[in-house]
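Here's a quick briefing to read alongside the sequence and the 3D view. Have both open and follow the topics one by one.

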Amino acid sequence: MKYFWSVFILLLILACSSDNSNRNPYLQEVSFRFEINLNLPLYANLNSIGNPIYVGNSGVGTRGAFVIKSSLNTFYAFEASCPNHAPNNCSTMTLDGQNVVCDCEGYNYSLFTGQQLDRPDDGNRYYDLLFYNTTISGNTVIISN
């Protein structure tokens, strides 16, 4: 019986694995909460589907966030710092229609999916945009991490 429990515990320990998720090594996942009042003129673009805005307020993510309304009651928010290198003087991305562009390498990302649109085929690991949670409460969109 002692042998059985020893083997069982050994198998249990071997079955456990460390977290091998696809966490981005370049971006810290900072905790924050920011409310966007859709009645304010500053955020009026979010009342229409497909019109993104940049929220550059202090304390919102690492370099701010891009927010887009993707359907009637769905909003997406993503980190504004390029996910494929450490934050630096050129890593805050800029809006280009419904995409964002990294000024350092020129990488393009979709604000509807967060995916990199022009991923090089060079065998290196590339990351998609860092996603933030969004919730709707009346005329307020809350983005948080």
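Is Cys102 buried or exposed? Cys102 is buried, with a relative accessible area of 1%. Before going further, keep in mind that this is a predicted model.

- Start with the big picture: 6 strands make up an open sheet, and they sit in the order β1-β9-β8-β4-β3-β2 with antiparallel pairing.
- At the edges you'll find β1 (33-37) and β2 (53-55), each of which pairs on one side only.
- If you ignore direction, neighbouring strands of this sheet are turned by 30 degrees against each other on average.

**Where β1 meets β9**

- Strands β1 and β9 (residues 140-144) run antiparallel, and 5 bridges join them.
- Take Ile36 as an example: its bridge partner in β9 is Val141.
- Thr140 also belongs to strand β9, and with a relative accessible area of 19% it is buried. The cut-off for buried is under 20%, so Thr140 makes it at 19%.
- Setting aside residues up to four places away in sequence, Thr140 touches Glu35, Ile36 and Thr135.

**β2, β3 and β4**

- β2 pairs with β3 in the antiparallel sense, over 3 bridges. Here Tyr54 stands opposite Phe66 in β3.
- On to β3 and β4: these pair over 6 bridges, again in the antiparallel sense. Ser71 has Thr74 in β4 as its bridge partner.
- A hairpin connects β3 to β4 through 2 residues.
- Why is β3 described as largely enclosed by the rest of the structure? Because 6 of its 7 residues are buried.

**The nonpolar cores**

- The largest nonpolar core has 18 residues, and the ones touching the most other members are Phe34, Ile36, Val55, Val67 and Ile143.
- Two or more residues of this core come from each of β1, β2, β3 (65-71), β4 (74-79) and β9.
- Leaving out neighbours within four places in sequence, its contacts are Tyr43, Leu46, Ile53, Val55, Val67, Asn139, Thr140 and Val141.
- Another core lies apart from the largest one. This other core has 13 residues, including Ala80, Cys82, Met93 and Cys102.

- A disulfide is a covalent bond between the sulfur atoms of two cysteines.
- How many disulfides does the count come to? The count is 1 disulfide, and it joins Cys90 to Cys104, with 1.8 Å from S to S.
- The link of Cys90 and Cys104 is right-handed, with 110 degrees about the S-S bond.
- This pair links distant parts of the chain, 14 residues apart: Cys90 is in the loop between β4 and β5 (94-96), while Cys104 is in the loop between β6 (99-101) and β7 (108-110).
- Cys90 is partly exposed at 25% relative accessible area, and Cys104 counts as partly exposed too, at 27%.
- Cys82 is buried, with a relative accessible area of 0%, and Cys102 is buried at 1%.

**Aromatic pairs**

- Across the whole structure, a search turns up 7 aromatic pairs.
- Tyr26 and Tyr127 form one of them: the ring centres are 6.2 Å apart and the planes are at 85 degrees, so this pair is edge-to-face.
- That pair links distant parts of the chain, 101 residues apart, with Tyr26 in the loop between α1 (2-15) and β1, and Tyr127 in the loop between β7 and β8 (131-137).
- Tyr26 is partly exposed at 36% relative accessible area, whereas Tyr127 counts as buried at 12%.
- Tyr54 and Phe66 make a tilted pair, 5.3 Å centre to centre with 45 degrees between the planes. Tyr54 lies in strand β2 and Phe66 in strand β3, so the pair ties together parts that are 12 residues apart in sequence.
- Within this pair, Tyr54 is partly exposed at 38%, but Phe66 counts as buried at 2%.
- Finally, look for Tyr76, Phe78 and Phe131, which ring pairs link into a cluster.

Key
Residues are numbered from 1 along each chain as its sequence is written. This is a predicted model: local features need pLDDT of at least 70, side-chain atom pairs count only at pLDDT 80 or more; totals for chains, interfaces and linings use all residues. Side-chain values use heavy atoms; hydrogens and water are left out. Two strands pair if DSSP finds at least two bridges between them. Helices (H or I, at least four residues) and strands (E, at least two) are DSSP runs, numbered from the N terminus. Axes are lines fitted to C-alpha atoms, for helices over the stretch in contact, and angles run from 0 to 180 degrees between N-to-C directions. Buried means under 20% relative accessible area, exposed over 50%, partly exposed in between (1.4 Å probe, protein chains only). Contact means heavy atoms within 4.5 Å. A nonpolar core is a set of buried Ala, Val, Leu, Ile, Met, Phe, Trp, Tyr and Cys residues joined through side-chain atoms within 4.5 Å. A disulfide is a pair of cysteine sulfur atoms within 2.5 Å. Rings of Phe, Tyr and Trp (its six-membered ring) pair if their centres lie within 6.5 Å; planes under 30 degrees apart count as stacked, over 60 as edge-to-face and the rest as tilted.
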